[in-house]
Amino acid sequence: MTWLTWRQQRTQFLTAAAVLLLATAYLLVDGLRLRHGIHGLPTDCGINQCFDLERVIGSKHNAYLAADALVLLAPALIGAFWGAPLIARELETGTHRMVWSQSVPRGRWLAAKLLLTTAAAVLVTGLLSLLTTWYAAPIDRFDHNRFQPLLFSLRGLVPLGYAAFAVALGACVGLFLRRTLAAAAVTLVVFAAVQVLVPLAVRPHLQQPVHELAALHKDPIRHGSFAGFETTGGRIGPDSRMVAVFDLPDGWMLSDSTLLPVRDATGRVLTLASQPCPGSDQFPPDSACLAEADLYVALDYQPADRYWTFQFAETGLYLAAAAALAALTSWGLRRRLG
Amino acid sequence: MTAIVETRALHKRYGRRQALTDCTLSVPAGRVVGLVGPNGAGKSTLLQLACGLLTPTSGSIEVFGAPPGQLARVGFVAQDTPVYAALSVADHLRLGARLNPRWDAALAERRVRQAGLDPAQKAGRLSGGQRAQLALALAVAKRPELLLLDEPVAALDPLARRAFLQGLMEFVAEAEPQATVVLSSHLLSDLERVCDHLVVLADSRVRAQGGIDDLLATHFRLTTARRAADTLPAGMRVLHAEHTERQSTFTVRAEAAVEDPSWVMEPLGLEDLVLHHMSTPSAPTDLSPALEPQR
């Protein structure tokens, strides 16, 4: 069965290997150049102050995006081009009647094809993810945003889970649709929907988020800055809420808006009228005074140190889904065609 | 006589469509069985049930005395002889070698050579006849004790048809252990030359079954002066009666021809016999038991 799986998917596997090889060659060389370029540059400067670093990183923007796109698309394409034809093509061309009447039982046939294809998919995606994670590490370290939903999906372990899931999804859809093209299309659509839904609806709840009233200025690492007042009807009045932006390096802020209402120590939302630092004519507030004032924001977030917990949890979730789909496929193979 | 395939009250339904109804039959060992019936009669369904690709809706089917699934002992050539278009002839033989423990590589290679196939040729570029030969080589080289072929020659031109059947008969002659073959067709003429046993299917039911010699020896056309069917002797079973003003023609089943100056009793040809059973909508249950080979 190993030989047959290899022989039937040789073209796909070799195409993937070629893409992987090209990507590796390019990103290795460019990654080394990037590291050479930023060598010795200060990295702990504040936002908008590391001009040299930003210039080097900015020059790698296109390669960075291309590598990310590769990791983003790989599982989807693998699902459509490796997973979907796995069973659908056999049913479409009638060859299932030939291959299932050899001496290998259908269950073993499915297990071998699914396992080998999944292994190849995980290997390819894993290598891509490893490569991209390594390539982008200096940039990610500078941006401090690896927990940001899209970036989270492109680094570390999770792409492996996506790849396994995509193959199982494709195979399962192919079994029930019996048409390679339709199965590939449906696989792409379903996979994309899952990839959008999970970060929105599932990932935030993998672990209970932290609710916290955090000091706006007191913490040197996680700190915010006053952003202004919310306008109502285009005007600022006494009731306009005071808002701030808050920086949570490598953490994942779960609030909908980037502008958070500023509160006092009791959690009361401050307005233009109640803010503690009236300026000369009430506006703008005195910045020196603000820096000293006891201001807070209510945070709802996943802390940075949960990153790997989340990576493992989400990978596990996708692997479990892949296993469930494989079981469904195996059941359907026995039942639907039986 | 051991039955290789034995079905009892076998039913198969696809959704609302009844593909096989109350099918009870047995395929004796060592025979070459023709499964004849019009398109849609249930031939493919029966064969796929026998090789385990389908499972019955109700009733039972046993192959080698057990439920189907002994894949290594059963060879199957599916309708339209599907092969992998992107794989070469040699790849198919390697596939057979990898997936079958009893694979006979020498036999496979010999068959491919005899059929004039180029091992490097992609299967997708073979002609219908060549593809059928490849599918046959794949099925026989696993050394099956039961070989099932679903309409193997339907799409072939007369020359390819002859070559294919010749290949099949060579397998039957050489097979060790002795093989039982079931092949289906909607045309009796395809099967006549190679079969010694017949199963007639129509409208999802078994209409007749038995050894061809037995069938031929027990079916007659009886022509007499006009008379009623019930005036014929007790040993004759009237399957069909036709009356003109002066003359009656009966299709009868009898143990042997009965000499009588008042009628002409002549053996019914196989073609007529099969056509008769295929076209007679009468309940098959009262026909089939009578047609079973008496030994």
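**View 1. B:Leu149 and its partner across two paired strands of chain B.** In this predicted model, B:Leu149 stands opposite B:Leu183, a residue of strand β7 of chain B. The two strands seen here are β6 (residues 146-149) and β7 (residues 180-185) of chain B, and they pair in the parallel sense over 4 bridges.

**View 2. The open sheet of chain B to which β6 and β7 belong.** This sheet is formed by 6 strands of chain B, which follow one another in the order β5-β6-β7-β3-β8-β9, and the pairing among them is mixed. At the two edges are β5 (74-77) and β9 (205-211) of chain B, each of which pairs on one side only. Neighbouring strands of the sheet are turned against each other by 15 degrees on average, if direction is ignored.

**View 3. Two helices that lie across the sheet of chain B.** Helix α4 (residues 128-140) of chain B lies across β5 and β6 of chain B, and its direction is at about 170 degrees to β5 of chain B. Over residues 5-228, chain B is 31% helix and 30% strand, and the end C-alpha atoms are 40 Å apart.

**View 4. Antiparallel strands in chain A.** Strand β3 (residues 242-247) of chain A runs antiparallel to strand β5 (residues 259-263) of chain A, and 3 bridges join the two. In this pair, A:Val245 stands opposite A:Leu259 of β5 in chain A. Strand β5 of chain A also pairs with strand β6 (residues 296-302) of chain A, in the antiparallel sense and over 2 bridges. Here A:Arg263 has A:Tyr296, in β6 of chain A, as its bridge partner.

**View 5. A:Leu130 in helix α5 of chain A.** A:Leu130 lies in helix α5 of chain A, a helix that covers residues 106-143. Is A:Leu130 buried or partly exposed? It counts as partly exposed, because A:Leu130 has 17 C-beta neighbours inside 10 Å, whereas a residue is buried if 20 or more other C-beta atoms lie within that distance, and exposed if 12 or fewer do. A:Leu130 and A:Thr24 are 106 residues apart in sequence, yet from C-alpha to C-alpha they are 10 Å apart in space.

**View 6. The contact between chains A and B, with chain A as its setting.** The contact takes 15 residues from chain A and 23 residues from chain B. On the side of chain A that touches chain B, the elements giving two or more residues are α1 (2-38) and α4 (95-99) of chain A. By class, this side of chain A has 6 nonpolar, 7 polar and 2 charged residues. Chain A contains 10 helices and 6 strands, and its C-alpha atoms fill a box of roughly 90 × 45 × 35 Å along the principal axes. The radius of gyration of chain A is 26 Å, whereas a compact globule of 338 residues would have one near 20 Å. Of the 338 residues of chain A, 37% count as buried.

Notes: Residues are numbered from 1 along each chain as its sequence is written. Chains are lettered from A and ligands numbered from 1 in the order in which they are written. This is a predicted model: local features need pLDDT of at least 70, side-chain atom pairs count only at pLDDT 80 or more; totals for chains, interfaces and linings use all residues. Two residues are in contact if their C-beta atoms, placed from the backbone, lie within 7 Å. Ala, Val, Leu, Ile, Met, Phe, Trp, Tyr, Cys and Pro count as nonpolar, Asp, Glu, Lys and Arg as charged, and the others, Gly among them, as polar. The radius of gyration is taken over C-alpha atoms; the globule rule is 2.2 Å times the number of residues to the power 0.38. Two strands pair if DSSP finds at least two bridges between them. Axes are lines fitted to C-alpha atoms, for helices over the stretch in contact, and angles run from 0 to 180 degrees between N-to-C directions.
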